[in-house]
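Trainee: Could you walk me through this model, one question at a time?
Mentor: Gladly, let us look at it together.

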Amino acid sequence: MSNRTEDFDFHLPEALIAQEPARPRESARLLDATTPGTLVDRHVCDLPHLLRKGDLLVANNTAVIRAQLHALRGEARIGITLDQIRPDGTWHVLVRNARRLKVGDTLTFPNSVETAQVVTLEPGGGACLRFSCEGDAFDAFLQAAGALALPPYIHRPHGPTAQDSKDYATIFERYKGAVAAPTAGLHFTPELLAAVDATGAERCTLTLHVGAGTFLPVRADDITQHHMHSEHGVITPQTAERINATRAAGGRIIAIGTTTLRLLESAADEHGIVHPFEGETAIFIRPGYRFRAVDVLMTNFHLPRSTLFMLVCAFAGQEQAKAAYAHALKTGYRFYSYGDACLLRCANSIHAH
């Protein structure tokens with residue numbers, strides 16, 4: 001089992017990076033890799049045929065905020081991406097042009113009366129800011145002054161469009177706080193959910209506010225040296241109870257997206273019991289990890305050398321994951337946030353299948 005980052009590299013042609021989603025959303029392709037050694041080309045609308053009565057689909061109900069801000073310190077332009085809110089009400093942010101800042105500086109925003117004060121600065125472009133507003137006033141400020149922080153590989157030379165505001169939101173969204181969308185959830189529509197419900201499979205949600213760190217590649221040569229950013233998650237007692245009841249009755253836990261999977265695994269104990277959770281997780285799942293909470297994962301296709309591709313290799317087994325990606329590359333699957341999906345079965349679980 002390798003800890004070398006280069007072993008999680010692959011060549012991805014630029015043309016396969018999706019610049020907008022499939023329309024309708026459930027017409028995206030779905031690579032079914034749930035049977036060891038076989039790969040079946042399907043579409044997301046086929047998902048209900050792959051479910052069983054008693055399965056439980058778990059999705060992330062976070063909602064994306066307009067996390068991209070342009071600030072001024074005097075004449076200097078400062079680019080800010082909100083990362084996550086801290087318990088004391090300050091915001092951890094990633095800053096472009098951070099060298100122009102010092103602690104105590106006040107930042108202003110074009111066309112807004114609101115300001116932000118620099119509380120701390122970190123090496124590498126991180127900072128903590130305290131904004132002059134919070135709660136509903138802060139939401140209104142972001143609506144007016146902020147833009148979607150679309151991933152850097154989605155090219156929008158003039159900034160995100162009005163269509164992106166619709167496309168980059170999931171049907172499950174309920175609680176604001178994510179910088180990036182939980183992208184597996186982007187494939188679901190009311191029609192698809194109705195078809196899922198008709199199978200006798202059940203659904204529930206949890207909340208993981210995806211941070212800006214999700215886009216950062218692994219820069220260390222040895223993956224064990226990579227530092228994960230923490231993200232805030234919530235699993236309610238009712239949701240934990242439903243998950244455990246499904247497992248006890250022999251149903252499968254199907255995670256919609258890696259963010260859902262990471263929170264479920266953070267909340268599960270060594271016996272696979274999922275406990276209510278509210279707090280931070282910085283779990284880094286890589287090959288060798290034994291899964292406690294999830295049987296099947298639906299996820300999009302991820303970046304080379306990313307922690308998410310490492311997670312997929314850990315979940316499906318490195319051979320099956322690499323075979324799935326090789327097939328996807330060869331047959332023109334679309335990659336990343338607006339791209340196609342794959343369905344994977346857990347190859348390394350504490351529960352015997």
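Predicted model: local features only at pLDDT ≥ 70, side-chain atom pairs only at ≥ 80, totals over all residues.

Mentor: Residues are numbered from 1 along each chain as its sequence is written, and side-chain values use heavy atoms, with hydrogens and water left out.

Trainee: How many helices and strands does the protein have?
Mentor: Helices (H or I, at least four residues) and strands (E, at least two) are DSSP runs, numbered from the N terminus. On that basis the protein has seven helices and 17 strands.

Trainee: What is the radius of gyration of the protein?
Mentor: The radius is taken over C-alpha atoms, and the globule rule is 2.2 Å times the number of residues to the power 0.38. For 353 residues that rule gives 20 Å, and the protein is close to it, so it is as compact as a globular protein of that length. The radius of gyration is 20 Å.

Trainee: What share of the 353 residues is buried?
Mentor: Buried means under 20% relative accessible area, exposed over 50%, and partly exposed in between (1.4 Å probe, protein chains only). Buried residues make up 53%.

Trainee: How many disulfides are there?
Mentor: A disulfide is a pair of cysteine sulfur atoms within 2.5 Å. The sulfur of Cys-204 is too far for a bond because the closest cysteine sulfur, in Cys-346, is 18 Å away. Cys-313 is in no disulfide either, with the nearest cysteine sulfur, that of Cys-342, 11 Å away. The count comes to zero disulfides.

Trainee: Is Cys-313 buried or exposed?
Mentor: Cys-204 has a relative accessible area of 8%, so Cys-204 is buried. For Cys-313 the relative accessible area is 2%, and that makes Cys-313 buried.

Trainee: How many salt bridges does a search of the whole structure find?
Mentor: Side chains of opposite charge can pair when their charged atoms come close. A salt bridge here is a side-chain nitrogen of Lys or Arg within 4 Å of a carboxyl oxygen of Asp or Glu. The search finds 14 salt bridges.

Trainee: Which residue forms a salt bridge with Glu-202?
Mentor: Glu-202 lies in strand E12 (residues 202-209), and the partner lies in helix H4 (residues 237-248), 40 residues apart. Glu-202 is partly exposed at 43% relative accessibility, and Arg-242 is partly exposed at 33%. With the closest N and O atoms 3.0 Å apart, the partner is Arg-242.

Trainee: Which residue meets Arg-247 in a salt bridge?
Mentor: Arg-247 is in helix H4, while the partner sits 48 residues apart in the loop between strand E15 (277-281) and strand E16 (296-300). At 3.1 Å, N to O, the residue is Asp-295.
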